[in-house]
Amino acid sequence: MSPRIDKVGVVGGGLMGAGIAEVCARAGLDTVVCEADAVAARAARERVALSLERAVQRGKLDRISAEDALNRLVFTGSLDDLADRRLVIEAVVENADAKTEIFAALDKIVEDPEAILATNTSSIPVMRLGMATQRADHVLGLHFFNPVPVLPLVEIVTSLHTTPQVADTVQEFVTRALGKTVVRSQDRAGFVVNALLIPYLLAAIRMAESGFATPTDVDSGMELGCAHPMGPLKLADLIGLDTVAAIAESLYEEFKEPLYAPPPLLQRMVEAGLLGRKSGRGFHHYDPH
Ligand code: NAD
């Protein structure tokens, strides 16, 4: 019988962290979200509240369940509030130094030595984060997809140190408690989905960069010609261009394949703060809400 995961922590309440927290709270779990400070914690609460409200408006959730889910969530600016958690899912920016620092701190703060520390990283080696702790056998990748309340997939990524029982416990939690579907991956940059997806997105960016086709035509081509629900540049905007660039850099660093190298246009857009949907402009323009 695997240990019960009843208290969850989420570090980072941005696009992904807010979504993960929402899914946990909607599943009835006691969930604490830790942001960088109290102001960011309030912004994370707003993000979840807005998403729950949208689910109500669309008829996906009744109002009482939405209110219950929000009441189940605690938002904080201090990692110390995660001391009693059984599972902590880290979802801060895709930056190895920032994540390593958080894993080292969580290892000291989270009291139960059997508690599991997971990362939602898209491309940073799970091993590197595990080695920042004294419990690398209890560290794994738990890679959700955006938007988390909608997309059913979670990749479980085991490092060379992760014990099989820990991966099994988390798989049971993700499938039974959260109702998601799991695929397992080895600890290689990009795991299964991004190793396939990112070179495709970068090829679309290069196409727009060279003037070969406009962003709208690139997207229409894949939506109307291949029945993709969203073209690659819209998808890159949805993921966040900073995140796409960071994943591309990790893939390039790992495999040294030119196809993984972020194109100059992507780098310039990130430097310009044109991050896609979350900043209002990327390859396309977006309303604030
Ligand atoms: P984001 O920029 O929307 O959110 C990151 C959040 O982390 C911000 O709210 C920031 O305030 C917070 N943060 C930064 N430092 C912190 C700290 N020390 N303590 C607590 N919070 C801190 O980024 P995102 O898109 O949510 O991505 C988060 C992670 O999820 C990344 O590792 C990314 O690769 C991964 N991911 C992203 C996607 C996607 O589609 N965007 C999909 C799967 C996985």
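**Sheet, domains and side-chain pairs**

Trainee: What strand order does the open sheet have?
Mentor: The order is β3-β2-β1-β4-β5-β6-β7-β8, eight strands with mixed pairing. Keep in mind that this is a predicted model.

Trainee: Which are the edge strands?
Mentor: They are β3, residues 73–76, and β8, residues 181–186. Each of them pairs on one side only.

Trainee: And how many degrees are neighbouring strands turned against each other?
Mentor: On average 25 degrees, with direction ignored.

Trainee: Back to β8. In which sense does β7 pair with β8, parallel or antiparallel?
Mentor: Parallel, over six bridges. Strand β7 covers residues 153–158. Glutamate 155 stands opposite valine 183 in β8.

Trainee: What holds strands together in general?
Mentor: Strands of a sheet pair through backbone hydrogen bonds, in either the parallel or the antiparallel sense.

Trainee: Which strands does helix α4 lie across?
Mentor: Helix α4, residues 96–109, lies across β1 (7–11), β4 (87–90), β5 (116–119) and β6 (139–144). Its direction is at about 170 degrees to β5.

Trainee: New topic. How is the protein divided into domains?
Mentor: Domain 1 takes in 7–186 and domain 2 takes in 194–277. Their C-alpha centres lie 26 Å apart.

Trainee: How many residues are in contact between domain 1 and domain 2?
Mentor: Eight residues of domain 1 are in contact with seven of domain 2.

Trainee: On to charges. How many salt bridges are in the whole structure?
Mentor: A search finds 15. One of them joins aspartate 84 and arginine 85, with the closest N and O atoms 3.0 Å apart.

Trainee: Is arginine 85 buried or exposed?
Mentor: Buried, because its relative accessibility is 3%, and the cut-off for buried is under 20%. Aspartate 84 is at 37%, so aspartate 84 counts as partly exposed.

Trainee: Which residues are linked with Asp84 and Arg85 in a network of salt bridges?
Mentor: Asp30 is linked with them in that network.

Trainee: What about lysine 234, which side chain does it meet in a salt bridge?
Mentor: The side chain of glutamate 223, at 2.9 Å from N to O. This pair links distant parts of the chain, with lysine 234 in helix α9 (residues 232–239) and glutamate 223 in helix α8 (residues 215–226). The two residues are eleven residues apart. Lysine 234 has a relative accessible area of 31%, so lysine 234 is partly exposed.

Trainee: And where do arginine 268 and glutamate 271 lie?
Mentor: Both are in helix α11, residues 264–271. They are three residues apart, about one turn of the helix.

Trainee: Is glutamate 271 buried or exposed?
Mentor: Exposed, because glutamate 271 has 58% relative accessibility.

Trainee: Last one. How many aromatic pairs does the count come to?
Mentor: One. Phenylalanine 255 and tyrosine 260 form that pair, 5.7 Å centre to centre.

Trainee: What is the angle between the planes of phenylalanine 255 and tyrosine 260?
Mentor: The angle is 40 degrees, and the pair is tilted.

Trainee: Is tyrosine 260 buried or exposed?
Mentor: Buried, at 13% relative accessibility. Phenylalanine 255, with a relative accessible area of 35%, is partly exposed.

How values were computed
Residues numbered from 1 in each chain as written. Predicted model: local features only at pLDDT ≥ 70, side-chain atom pairs only at ≥ 80, totals over all residues. Heavy atoms only, no water. Salt bridge = Lys/Arg side-chain N within 4 Å of Asp/Glu carboxyl O. Buried < 20%, exposed > 50% of the residue type's maximum accessible area, 1.4 Å probe, protein only. Helix = DSSP H or I, 4+ residues; strand = E, 2+ residues; numbered from the N terminus. Pairing = 2+ DSSP bridges. Axes fitted to C-alpha atoms, helices over the stretch in contact; angles between N-to-C directions. Contact = heavy atoms within 4.5 Å. Phe/Tyr/Trp six-rings, centres within 6.5 Å; stacked < 30°, edge-to-face > 60°. Domains from an automatic or database assignment.
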